[in-house]
Every structure is written in structure tokens, then in C-alpha cells.
Amino acid sequence: MAQTRSNAFNNIIAQFNEPWKRYIAFAVIIALLLMAPISLGPYATVILTNALLYVVLALGLNVAVGYAGLLDLGYAAFFAVGAYTVGILTNTFGLNFWLTLPIAVGAAAVAGIIIGTPTLQLRSDYLAIVTLGFGEIVRFSARNLDITGGASGISGIEQPWLFGWHINTPFEFYYVFLLLAIIAVVVSVRLQHSRLGRAWLYVRHDEDAAEAMGIDTVRIKLAAYVIGAIFGSVAGVFFAVNLGAISPESFSFQQSVLILMAVILGGMGKIPGVILGAFIVVLAPELLRDLGEYRLLLFAVGLLLVMLFRPNGIWSVKGK
Amino acid sequence: MGTPLLELRGINLGFAGNTVLDNVDFTVGRGVIASLIGPNGAGKTSLFNCITGFYRPQSGSIKVDGHELMNLKPHKVTQAGIARTFQNVRLFQQMSVLENVMSGSHCHSKAGSIEAILGLPGQRREEAMIRAHAIECLEFVDIAEEVDRDATNLAYGHQRRVEIARALATRPKLLLLDEPAAGLNAGEKQGLLDLIGRIRDELDISVLLIEHDTGMVMKISEHINVLDHGIMIAEGAPKEIQANPKVIEAYLGQDDGENLL
């Protein structure tokens, strides 16, 4: 029974193997997302904005986990790097928001290189432990340093201006995040079909064979880790200006796990799957809100069932 | 001929006190097809792994074209012009034949993340070049019609050919084949012999193989080295090796002994 249902689902997914069908599906989804705030109202818009934020985060983590096979359990740290960079630089130093963006990218890249260079020589399981530690170090530092505002974090972060347009309503931010998500998808697709993207897969499937083909595996893994970090940091930057306030608790271990869950649930390394996963981890708890206390329990059971019946993620297509 | 293509001097390798390679000297000339034979456990694959940088010998020197390779990582060895295949075919799973062979061009191309994201003309040209080169290599090994198939779904003999194409794509000076005939039937073995000959004659690449099928080794090799218990016990032309009493002794009691004699 489960088998036939699973096959039916595979058939639906296989429908999207042809490029033109994929483009149409993509166009329809974008059109729906463009109209969503108008028809769904303010509350749903905020929730969808959050979902789009998770799409960016999950696609970023997917570069490390899905493409290069690097298990990162502290991804929220890079999210924090971006958010705190913009918070500190605009509030304390009065820098223009748009100037903080490249600095946040640079900070994430530096953090990625510092953590990645020594650990990427190790096997993947050690990497998971080190990244877990790194995530906690960043959160504890944020909570205990004066410059990051301690446990209460940073508030009153000014919303950005763009050529005289003040981006400050939830509706405007929705479209900002939609644009970010589209950019994240395009960048992911481009990377996946490049020399670098193939090298990640070679390394993930057989590190020794990849080495034997002249691929510097440590460098390739570092590239994946750093690119993932940059995605996270950029998401953090816009997260901070959207809320106007950040605190260390936004960047907890649970946050890292939730992002990782989006990636694994949808299907590691598959862009449509990761997007689906991001929407599920944000929307499912909301849709189950009426159940009150039981919603997280039900959500957890649902996740277990998905992993039981589709261990490679919801969007897993045989052979590819 | 001047300096040999590959020159090993005094290679010592041991694991936890067990000597695997004992003061091995070894050379491969230019434009030759050479073989490394020896009973099971003689250290042949270990020697391959030393040459390709997967193992680090405790002492010795490994030179290709006069450049020292000792302590270089495997990818640097490949970039220096030595390509290899593995004893158990190791293709990249869930990737097409073409994608597998495209991996060989990695060290001859350079587009990074930014070029890929922006899709600059240089990056597009490079992608086309990588693809064309991979197809050329697949045509050379005669399986160009299978480009889009999942590599690990191919027949075993074809997987071996993909692996050779992948190694050729790195544009080596020297190709190391680790038991390329294992698991092949008689017809496929003959095809492999022809292919190895063409690699040397048409591509001007020297070939060094480890092989258990001594009949095949005698047929194709111009130079043979014999390794036994980590010691190089003989080298020379096939005729000399067949007549060498040390070699006969090393193979006595082995299944392969009869084939050799």
C-alpha cells in the first residue's frame, strides 16, 4: 500500500524532469507567490516571509550538506554573523545598511575559512562535532559580549532605504525575501551545473577517486562551506532589518537543526526538495496551530513518518 | 632516452612495524608498456598508492620527469601527469558516464563560484571544452554511445572503460592501471589489450599495469618488474622474467605459477 502510494508520488515528481514543465511550474509558483500577500492578508504574509527566509537558509546549508556532503550542525552561527554584523555596524557605528551587506558577506567567508580550514581535513563526523561547537560558541559570545548587546541583543535596527524608498512594511519585506529566495535558487542551480558543483558531487561520492582525478578535495569542500556560510549571512542581514531586533536565542542549536531538517526532509541536494522542506518546517506548525499543545507532537510524528517512508527526502527521484 | 619518465629510489613503506615495501627501486621508461607483477600481498597496490600519493613512504624518492613527488597530495600527483584506475572500479555513483569522465578535466580548468553564478562567456566556453574533451576520451575507449547512462549501471567491462576514459581525461604522461583485466571475459581482455596498445601508440602515454593474468602481461609488456614480499626481485623483458629462477620460486605454490611457466 505504502509502496504504491510512494510510486504515485514518484510519478508526480518525475513529471518535472522535462525542462519546459519545470519552467512552467516555476513561473506558476512565482506568480502565486507574487499575488499571495494581496489575497492572504497580513498575518499569512509574515508567515510566508519567514518561509522564504528559510528557503534561503536551507538552500545555503544544502550547498554544504547536500552537494558536498559536509554535515554542519552549527549553521545558525553564520546566520548570526550576518544579523549581528548589520546590527552592530548600523546601530553602533552608524554605517549605511547597504555598506554592511558586503562586510557581512566578508565576515561569513572569514568565519567559514577559520572554522573550515582545520576541520575539513577531518572526516565528516568530526566536522559535525566541530560545527556544533562553533554554533554554540557564537551564540554564547553574542550573549556575553557588550558589543552584541548581551542577552537582550540589539534592538532599533533601522530599516533600509533604497533610492528614497524606505523598506519598512511587512509587505515590502515579503517581496524583498521573495527576491532573495529567487536569487538563492538561481545561484544554486548555476552552481549545481558548474565545474565546482560537479566537483562537490565527486567529493561526496568518492573522495579518493576525486583526489585521483586531480581535485583538491579540501579546497573544494572549503568552497562549499564558505558559500553556504555566505547564504546564511545574507539571510541574517535581511532577517535583522526585517525584525529590527535580534537576540542570541534566534541563533540557537534548535535553529540549526530546523534548517537542517528542511534540507533532509525535502531531499538533500535537490533544489525543489529543499524549497519544499523549508516551506514545510515553517508552515506545518502554523497550519497545525488549532491543535494547541499537540501540534509539535503531531509535527514530529509526521516528520518521522516521512523519514520512514521516504528516507531520501520527499523530493527523491530514482536514478538522479 | 635521458631520464626515465618515472623513477623510484629506495622506497620504504611499513604499517605498524610490518614492512610492506623494502628499499624498492623502480623505473618506467618513456613510451613503454610496463607491468608490475608478483604474488598476492607482494605490495603491488601499495607501490601504486605510494606513487600516486595515497600512501606516504617513510623514506625514498619518487620522481616523474625529474620532479620530486614525495609527500605530494594525490591531486598534485595527478596534476604532475600520473593518472590511475582502481582495483575495484570506483566510478562516481548516481552520475552519468559523461559527468564521470568530465571529472578528469577538473585540473585543466579553473572556473570558480563567481564565474559559475554569473555564467560568464569564459565559463561557458570552458564548460563546452570540458564536455567535448570528455566525449573525445569516451570515443577513444569506444563507449561514446553510453554518455548519458548512469555510470554504475553499465556492464562491468564498460565501467572499466569509463574509468580508463576518466583517467585519460586528466591528460597524463603515465597511466597506472590496477588489475584492469580482473573480471573481464576473454573477448573483453583482447579489447583491453588493443586499447592499452592504442593509448601508448596514439596518445603517446606510457602505461604501467599491475596484473594477475600473467598470460596477458607477457603478451603486452615490454618491461616487467616482479615484486615479492615488498622486495623487487627481478626486472627485464618478458622472456628473461619467464626464465628467472627467483621469479619461478616466488610463484611456486601459487595458482598463478602454472600460467607463468
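This is a predicted model: local features need pLDDT of at least 70, side-chain atom pairs count only at pLDDT 80 or more; totals for chains, interfaces and linings use all residues.
**Figure 1. Where chain B meets chain A.**
Let's start with the place where the two chains touch. Here 37 residues of chain B are in contact with 28 residues of chain A. Together the two chains bury about 2,800 Å², and 57% of that area sits on carbon and sulfur atoms. The polar side of the story comes to 14 residue pairs in polar contact between chain B and chain A, both partners being at pLDDT 80 or more. On chain B, the elements giving two or more residues to the side that touches chain A are helices H2 (74-79), H3 (97-102), H4 (113-118), H5 (121-140) and H6 (156-168). H5(B) gives the most, with five residues. Sorted by type, the residues on this side of chain B split into 13 nonpolar, 14 polar and 10 charged.

The rule finds three salt bridges across the interface of chain B and chain A. One of them joins Asp206(A) to Arg90(B), with the closest N and O atoms 2.9 Å apart. Where does Asp206(A) sit? Look in the loop between helix H7 (195-205) and helix H8 (207-212) of chain A. Asp206(A) counts as buried, at 10% relative accessibility. Leave aside its neighbours within four places in sequence, and Asp206(A) is in contact with Arg90(B) and Phe92(B). Back within chain A, the side chain of Asp206(A) also reaches the backbone nitrogen of Ala209(A), at 3.1 Å.

**Figure 2. A salt-bridge network around Arg139(A).**
Zoom in on chain A and you'll find Glu136(A), Arg139(A), Arg143(A) and Glu249(A) linked in a network of salt bridges. Within it, Arg139(A) pairs with Glu249(A), and their closest N and O atoms are 3.5 Å apart. Arg139(A) lies in helix H5 (residues 124-144) of chain A, while Glu249(A) is in the loop between strand S4 (245-246) and helix H10 (253-266), so this pair ties together parts that are 110 residues apart in sequence. Which of the two is buried and which is partly exposed? Arg139(A) is buried, with a relative accessible area of 13%, whereas Glu249(A) is partly exposed, at 44%. Over all chains, the salt-bridge count comes to 16.

**Figure 3. Ala142(A), also in helix H5 of chain A.**
Ala142(A) is found in helix H5 of chain A, and at 6% relative accessibility it counts as buried. Apart from residues up to four places away in sequence, Ala142(A) touches Tyr84(A), Thr148(A), Gly150(A) and Pro248(A). How far apart in space are the C-alpha atoms of Ala142(A) and Ser247(A)? They are 8.1 Å apart, though the two residues are 105 apart in sequence.

**Figure 4. Thr49(A) and the residues around it.**
Thr49(A) has its place in helix H2 (residues 19-67) of chain A. Its relative accessible area is 6%, so Thr49(A) is buried, the cut-off being under 20%. Which residues does Thr49(A) touch, not counting those up to four places away in sequence? The list is Pro170(A), Phe173(A), Tyr174(A), Phe177(A) and Asn242(A).

**Figure 5. Asp65(B) and Lys173(B), a link between two loops.**
Over in chain B, the side chains of Asp65(B) and Lys173(B) meet in a salt bridge, 2.9 Å from N to O. Asp65(B) lies in the loop between strand S4 (59-64) and strand S5 (67-68) of chain B, and Lys173(B) in the loop between H6 and strand S7 (174-178), so the pair ties together parts that are 108 residues apart in sequence. Buried or partly exposed: what is Asp65(B)? Asp65(B) is partly exposed, with a relative accessible area of 25%. Lys173(B) is partly exposed too, at 33%.

**Figure 6. Glu146(B) and Arg149(B).**
Here's another salt bridge in chain B: the side chains of Glu146(B) and Arg149(B) meet at 3.0 Å, N to O. Glu146(B) counts as buried, at 10% relative accessibility. Arg149(B), at 40%, counts as partly exposed.

**Figure 7. Confidence along chain A.**
Chain A averages a pLDDT of 87, and 95% of the residues score at least 70.

Methods. Residues are numbered from 1 along each chain as its sequence is written. Chains are lettered from A and ligands numbered from 1 in the order in which they are written. Side-chain values use heavy atoms; hydrogens and water are left out. Contact means heavy atoms within 4.5 Å. Buried area is the accessible area (1.4 Å probe) that two parts lose on being put together, summed over both. A salt bridge is a side-chain nitrogen of Lys or Arg within 4 Å of a carboxyl oxygen of Asp or Glu. A polar contact is a pair of N or O atoms within 3.5 Å; within protein, one must be able to donate a hydrogen and the other to accept it, and residues adjacent in sequence count only if both atoms are side-chain atoms. Helices (H or I, at least four residues) and strands (E, at least two) are DSSP runs, numbered from the N terminus. Ala, Val, Leu, Ile, Met, Phe, Trp, Tyr, Cys and Pro count as nonpolar, Asp, Glu, Lys and Arg as charged, and the others, Gly among them, as polar. pLDDT is the predictor's confidence in each residue, from 0 to 100. Buried means under 20% relative accessible area, exposed over 50%, partly exposed in between (1.4 Å probe, protein chains only).
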